[in-house]
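Subject: Structure for your review

Dear colleague,

Please find the structure below, together with its sequence.

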Amino acid sequence: MREFKRTDRVADQLQQELAVLIQREIKDPRLGMVTVSSVTVSRDLGYADIYVTLLGENDPERVKENMAVLKRAAGFLRSQIARRIKLRHVPELRFHYDESVVRGHKLSALIDEAVGRDRPPEGGEVTPEDGALEDDTLEEDTLEDEAHDSESRKEDGESR
């Protein structure tokens, strides 16, 4: 069995070429800093879905404007890819905005905020409830270890 599918290899090559082409060849001043985050190619190599992120652009209006520029440039980019990559049929390019980076930043901020609320203040004392929780977990761990040790001793005695 093959390690990599042909569609995966084509997608990787498309991602590399598109990143360079978008950065160097598209001269539209409305286009911001675009990063090609991933490319998926259909099984018949007819379509390529290109997922892009925009550096520092979270405004929905700016995102929409950048996506419109990329969609208008799709024909030009496809022709340039045809010159650079040896394919019988160059896939039709479909651009999509990848929100995963923005969503990741929001989730990270929420996690940091939650962790910050759970930490005791600097120089603060541990409350009795906190100390009780730690002692209980230590006692449970000790009891579990002792139970495990006694079971292993019984098994050793039975095997002899």
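Which residue's side chain meets that of Glu 113 in a salt bridge? The partner is Arg 117, at 3.1 Å from N to O; a salt bridge here is a side-chain nitrogen of Lys or Arg within 4 Å of a carboxyl oxygen of Asp or Glu. Both residues belong to helix α4 (residues 100–118) and are 4 residues apart, about one turn of the helix. Glu 113 is partly exposed at 43% relative accessible area, while Arg 117 is exposed at 60%. For these classes, buried means under 20% relative accessible area, exposed over 50%, and partly exposed in between, with a 1.4 Å probe and protein chains only.

Before the remaining findings, some conventions. This is a predicted model, in which local features need pLDDT of at least 70 and side-chain atom pairs count only at pLDDT 80 or more, whereas totals for chains, interfaces and linings use all residues. Residues are numbered from 1 along each chain as its sequence is written, and side-chain values use heavy atoms, with hydrogens and water left out. Helices (H or I, at least four residues) and strands (E, at least two) are DSSP runs, numbered from the N terminus.

Salt bridges

The structure contains 5 salt bridges. One of them joins the side chains of Glu 17 and Arg 84 at 3.3 Å, N to O. This pair links distant parts of the chain, 67 residues apart: Glu 17 lies in helix α1 (residues 6–24) and Arg 84 in helix α3 (residues 74–84). Glu 17 counts as buried, at 15% relative accessibility, and Arg 84 is partly exposed, at 39%. Asp 28 and Arg 30 also meet through their side chains in a salt bridge, at 2.7 Å, N to O. Asp 28 is partly exposed, with a relative accessible area of 21%, as is Arg 30, with 33%.

The sheet

Three strands form an open sheet in the order β1-β2-β3, with mixed pairing; two strands pair if DSSP finds at least two bridges between them. The edge strands, β1 and β3, each pair on one side only. On average, neighbouring strands are turned by 30° against each other, direction ignored. Helix α1 packs on this sheet and touches β1, β2 and β3 (contact means heavy atoms within 4.5 Å). The direction of α1 makes about 155° with that of β1; axes are lines fitted to C-alpha atoms, for helices over the stretch in contact, and angles run from 0 to 180 degrees between N-to-C directions.

β1 and β2 run antiparallel, joined by 7 bridges, and Val 39 has Ile 50 in β2 as its bridge partner. The two strands form a hairpin with 5 residues between them, and Leu 45 in the turn has a positive phi of about 60°. β2 and β3 run parallel, joined by 6 bridges; Asp 49 stands opposite Arg 94 in β3. Because 6 of its 8 residues are buried, β2 is largely enclosed by the rest of the structure.

The nonpolar core

The largest nonpolar core has 30 residues; such a core is a set of buried Ala, Val, Leu, Ile, Met, Phe, Trp, Tyr and Cys residues joined through side-chain atoms within 4.5 Å. Among the residues with the most contacts inside this core are Ile 22, Ile 50 and Phe 95. Helix α1 gives the largest share, 6 residues. Not counting residues up to four places away in sequence, Phe 95 touches Ile 22, Ile 50, Val 52, Met 67, Leu 70, Lys 71, Ala 74 and Leu 77.
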